[in-house]
Amino acid sequence: MYKLRDYQQEAVDKTLAYFRKKRDPALIVLPTGAGKSLVIAELARIARGRVLVLAHVKELVEQNFQKYESFDLEAGVYSAGLGKKEGAQKAIFGSVQSVARAPENFFQDFSLLVIDECHRVAEEGATQYQEVIQKLRAQNPNLCILGLTATPYRLGLGWIYEYSHSGELKTDQPRFFKQCVFELPLSYMIKNRFLTLPVKVDIPVTCYDFSELTERDRMYTVAEVEELLKNQKRLTPLIVKNIIDITVRFHRQGVMIFSSSVKHAEEILSHLPAADARIVLGDTELEDRDRIVEEFKARKFTYLVNVSVLTTGFDAPHVDVIAILRPTESNGLYQQIVGRGLRLDPGKTDCFILDYTGMGHDIYAPEIGEKKPSEATVPVSVTCPLCGFENNFWGLVDQDGLVLEHFGRKCRGATHDVKTLEVKPCGFRFRYKLCHACGLENDVTARSCDHCSATLIDADAKLKQAKLSKNAHVLTPERITFEERQDKNHNSYLEVRYYDADAQYVSEAHFFSTPSSIKKFNINFLRSHLRRPELALELRSPQDVIRHQKFLRAPTFVIARKQEKFWKITEKVFAEELTRPT
């Protein structure tokens, strides 16, 4: 009988503990090479009822089935692609496409449904996964549903589950999978030598420039990628030559090249040695695909080019070069691509990662979930002052790594009831909009109050109105200055100036002479200007403000209105309040 690694056993134990108390769909996050099939095999072995294991491609179905049977356990296969439609055994390994068309009596007596690569399960609608789930639940309303994936984040949707095993609220939107019961980071697998060390090689040739794609506030299309590549066509031969040079110089055994489109893949292939390279596309005949993959695994050729085909369900341990020539907004997909080269193999000491996209993904970085605010931002850890949870947000750091600013709005921490496993979100807001009617906090982009439904001031509308008004001036600050001054009665005050690109400025004055004026400054100014709003700063004088000015930020827009001969600042708009790019 096989013996699970410690983390695999922990994943099994956490799953059992969860389903003893709850029946909401759960998931496990394991990186590529962590042995998902072993975890599946153990859960299927100890399950009291029948188990159905689903996957979206026949390669995964076969992989999971063979791993299960290799431990002298009997199972059935229900997959047209594998030429089998068995349904009598305790454990059935099937493709979702075939199982969705199975007769009604197939769905009887299952107590556990396991979905491999579960990030492909749609939240709702008439999909094949949902069709299978409905048929199984009709037979057993108490069905346990467990998903496994290396990438629990999907572009266009975000996190595919609500709560993590560590007590983090991933999304406040309802998801099919409610909770992650176990997660193992890629760094653990590499540190403990369960995976090969990835070595990101500095590329001496020019990378593609995909910055135009990332600057758009939406997902990009294949046509847009192809248009950019068309304008940079001269780079492809140089990049392919660089891949070949590195492969030959360092005696690499297997090279996987990830391209952006079919045209791009064919162009790459044309510059590779004809006898030593093959291509796999989405419309490659299954028989041809299987033959090409088997020849690659047998090391009959070195270079394998593909387009979004071999990111999952592919296992060629000898791969020791991953060349990335396709853009992706998802750090999760990037890690999944890198994972194709991290499996252990005799004589293999590392895997070169050649990234020609210039997009700066990190092999080890966590998936933050929100779009990266700017190129200068990096993942930062921010402690919630209310619950102590360590949040991962995008932020800015100084040369010593000190967090100067972060862009988190709400704490993602949550508490779990040990007995019921019910989850209660922390709810602390780092940035918020106060409701003028009830005084309670709302998200900075909210249009109406979550508590009393009162209409809230819309920053976009406010800005638009100000730009149309003759008596209002909208200034875009390039810098902000803080200086101590005195009025005609020699009372000290703080002057804050907001300068635009033409060195024009508007200013405001803040006095600190009384406890009420100090309180007013800390509430009205400090709350919105702090780069790290969780810091418990209380500034009591102009000198205090000047000393701490590196912790203060400028707004994106300042609105000033004409009052007699002067302009008075009446409103400020910060970047996070805007729902549309400016």
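This is a predicted model: local features need pLDDT of at least 70, side-chain atom pairs count only at pLDDT 80 or more; totals for chains, interfaces and linings use all residues.
Because six of the seven residues of strand β6 (residues 110-116) are buried, the strand is largely enclosed by the rest of the structure.

A further group of strands forms an open sheet of three, in the order β26-β27-β28, with antiparallel pairing. The edge strands are β26 (479-486) and β28 (505-511), each of which pairs on one side only. On average, and with direction ignored, neighbouring strands of this sheet are turned by 25° against each other. Between β26 and strand β27 (residues 492-499) the antiparallel pairing runs over eight bridges, and glutamine 486 has serine 492 of β27 as its bridge partner. Helix α14 (residues 515-529) lies across β26, β27 and β28 and runs at about 140° to β28.

| Strands | Sense | Bridges |
|---|---|---|
| β26 and β27 | antiparallel | eight bridges |

Helix α9 (residues 235-249) consists of 15 residues and reaches 21 Å from its first C-alpha to its last, close to the 21 Å expected at 1.5 Å a residue. Its buried residues include Leu235, Ile239, Ile243 and Ile246, and also Thr236 and Asn242. An α-helix has 3.6 residues a turn, so residues three or four places apart point the same way. The buried residues of α9 pack against helix α10 (262-270) and against the strands β13 (255-258), β15 (303-306), β16 (321-324) and β17 (350-355). After α9 comes histidine 251, which has a positive phi, near 55°.

Arginine 553 is located in the loop between α15 (542-547) and β29 (557-563). Is this arginine buried or exposed? Arginine 553 is buried, because its relative accessible area is 9%, below the 20% cut-off. Its side chain reaches the backbone oxygen of serine 528 at 2.9 Å. Leaving aside residues up to four places away in sequence, arginine 553 touches Glu405, Arg431, Ile480, Ser528, His529, Leu530, Arg531, Phe574 and Glu576.

Definitions and conventions
Residues are numbered from 1 along each chain as its sequence is written. Side-chain values use heavy atoms; hydrogens and water are left out. Helices (H or I, at least four residues) and strands (E, at least two) are DSSP runs, numbered from the N terminus. The expected span of a helix is 1.5 Å times one less than its number of residues. Buried means under 20% relative accessible area, exposed over 50%, partly exposed in between (1.4 Å probe, protein chains only). Contact means heavy atoms within 4.5 Å. A polar contact is a pair of N or O atoms within 3.5 Å; within protein, one must be able to donate a hydrogen and the other to accept it, and residues adjacent in sequence count only if both atoms are side-chain atoms. Two strands pair if DSSP finds at least two bridges between them. Axes are lines fitted to C-alpha atoms, for helices over the stretch in contact, and angles run from 0 to 180 degrees between N-to-C directions.
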